[in-house]
Amino acid sequence: MLSPSPPSDAAGASKTKTILNLLQGCNSLKKLHKIHACVIIAGLQNHRAISTKLLNFCAVSVSGCLVHAQLLFRQIHNPKTDDWNSIIRGFSRSSSPLQSVFFYNEMVSVAAGCRPDTYTFSFVLRACERVPLAESKRKEVHGAIIRSGYDRDVVVCTNLIRSYAGNGEIETARKVFVEMPLRDLLSWNSMISCYSQAGFHHEALRTYDLMRIANVGLDGFTLVGLLSSCAHVGALNLGVELHRMASEKGLLKNVYVGNALIDMYAKCGNLNAALSVFDGMQKRDIFTWNSMVVGYGVHGRGDEAIEFFRQMLLAGVQPNSITFLGLLSGCSHQGLVEEGVKYFNLMTSNYNMEPGIKHHGCLVDLFGRAGKLKRALEVINTCRSQKDPVLWRTLLGSCKIHKNVQIGEIAMRNLVQLGASNAGDCVLLATIYGEVNNADGVATMRKMIKSQGIKTTPGWSWIEIGDQVHKFIVDDKSRPDTNEIYLKLRQVIHEVALLGYVEEDSMSFTSVEGFSDQGCCRIGSYHSEKLAIAFGISRTPQGTCLRIVKNLRVCRDCHSFTKFVSKAFNREIVVRDRVRFHHFKDGLCSCKDYW
């Protein structure tokens, strides 16, 4: 077969210009195939600019095709760095990021005269971020970056931070960040985002403090990362300040910033502010609506969650699995059993969604909180995920509320059989035994913890005072103002005792190390939220609302204590525990004592 004859200089220049213009406006693979055919007919398949543009479209464009990109790449004689970058970039964000690493390996080992540049390193680092167990390759690339002198390149180092952090190597990412000779807004944003996504929220906020000192400024990405961390630690005051800055910089039109603000306000216990942001948003997406539905749900305001769901449907927004989690949570905490069952069934009947383990967990919780423990047990027994410990643990929690020993023992037995029992489960069942004065049961749980060496999860509470978030643990004596805090707490206990508060004890199992702050109390023990409340009262003006975030459920004694404090000191106290929000005011709690 004869090869197409090369065009004359004038004709070739004209055809080259035409083809390059066609490639510039190409927006589909079908058009590209036609252009490629013209290239072959014109004998321009070896033209450098044309082959590079063909490859770049196939490898990088959303309308491209990586299979075709590989064919084009292999037809290029002596590919240059730009060509390698296109194929490495294409695979780095594909479903096969490992191929990106393979092409990088090939480039550095066999490509004569080609050296990786800023883009090469950035693309392969993104691939390493997405490839499990790529630690050795990531470090190898890091070494190549240093040897090539790119360890001073802000773009490469920013991608290196992301690659390390994306695989849990936060300390290494931090070290790269600290050693960067120059940091731009993107690198600061990346570090904040990495901390926030990894759950190191205090570190994210501390990084922002350093960012302010460096006078870098901020943008929408900065705000989203910081607001997420504010939401998790309950830093409402800082969140309000970030809201003000977003308004000044005209960033409130950014839907992602708006969503982050709603989420922050809802998780910090201020639903009115969340609603205000929602009402002011010109554009809303599914995350906007879900933030409101879930927000009302975890606050135990199921009726409002349902109303938002209805408005969402009228707005033409299709719900997803998160929407239904918010609805079910709200129905559960408000005791709307029939409505909860209705929305659970609606997932399958109207939206062709298969309820997940979390939805089944909400249904178990719905029946359990309402005292319908046998129906809750039926849900688990008929669920395909009945071997998931979350369901049995949820049932056990409901048995604690209603002091049901029989079903509590069934739940515990299943947790043990699954090899998933932990100290918190033992505490829950021990508490149930304690409620019915079953000393033998309490002793059994105590023995189980000691014999199996089960460790409890340390309990802690956060409270924001001014622009700082303070952390307390049970019997905390780590602070320089410890004596002052304990003196204030004893004064608070004296005041609430005059109103009828009596410290509760749940039998001798609480003397096991770590049981305090795990859902049951020991006389003389100062739980983290009690210390946080005393600190808050001593550090804020009278009438100031106190907002506390806990990592565990509020125990019965602390729940009673906080109710009396709200009345004695005329304070509204908002507590977010592992399960829901508690709004204490005038001696009452929004959960109506079913927590």
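User: Which residue stands opposite glutamate 464 in β2?
Analyst: Valine 469 is the residue facing glutamate 464. Keep in mind that this is a predicted model, where local features need pLDDT of at least 70, side-chain atom pairs count only at pLDDT 80 or more, and totals for chains, interfaces and linings use all residues. Residues are numbered from 1 along each chain as its sequence is written, and side-chain values use heavy atoms, with hydrogens and water left out.

User: How many bridges join β1 to β2?
Analyst: Six, and the two strands run antiparallel. They form a hairpin with two residues between them, and glycine 466 in the turn has a positive phi of about 65°. Strands here are DSSP runs (E, at least two residues), as helices are (H or I, at least four), numbered from the N terminus.

User: What about β1 and β3?
Analyst: β1 (residues 460-465) and β3 (residues 546-550) are antiparallel too, joined by three bridges. Tryptophan 462 has valine 549 as its bridge partner in β3.

User: What's the strand order in the whole sheet?
Analyst: β2-β1-β3-β4-β5-β6, an open sheet of six strands with mixed pairing. The edges are β2 (468-473) and β6 (588-589), each pairing on one side only. Two strands pair if DSSP finds at least two bridges between them.

User: OK, helices now. Which way do α14 and α15 run, parallel or antiparallel?
Analyst: The axes of α14 (residues 236-248) and α15 (residues 255-267) cross at roughly 155° and come within 10 Å. They are therefore roughly antiparallel (over 145 degrees; under 35 is roughly parallel, 65 to 115 roughly perpendicular, the rest oblique). Axes are lines fitted to C-alpha atoms, for helices over the stretch in contact, with angles from 0 to 180 degrees between N-to-C directions.

User: Which residues meet there?
Analyst: From α14, Leu236, Gly239, Val240, His243 and Ala246 meet Val257, Leu261, Met264 and Tyr265 of α15 (contact means heavy atoms within 4.5 Å). That splits into seven nonpolar, two polar and no charged residues.

User: And how do α9 and α11 cross?
Analyst: At roughly 5°, with the axes of α9 (residues 154-165) and α11 (residues 185-197) coming within 9 Å. So this pair is roughly parallel.

Methods. Nonpolar A, V, L, I, M, F, W, Y, C, P; charged D, E, K, R; others polar.
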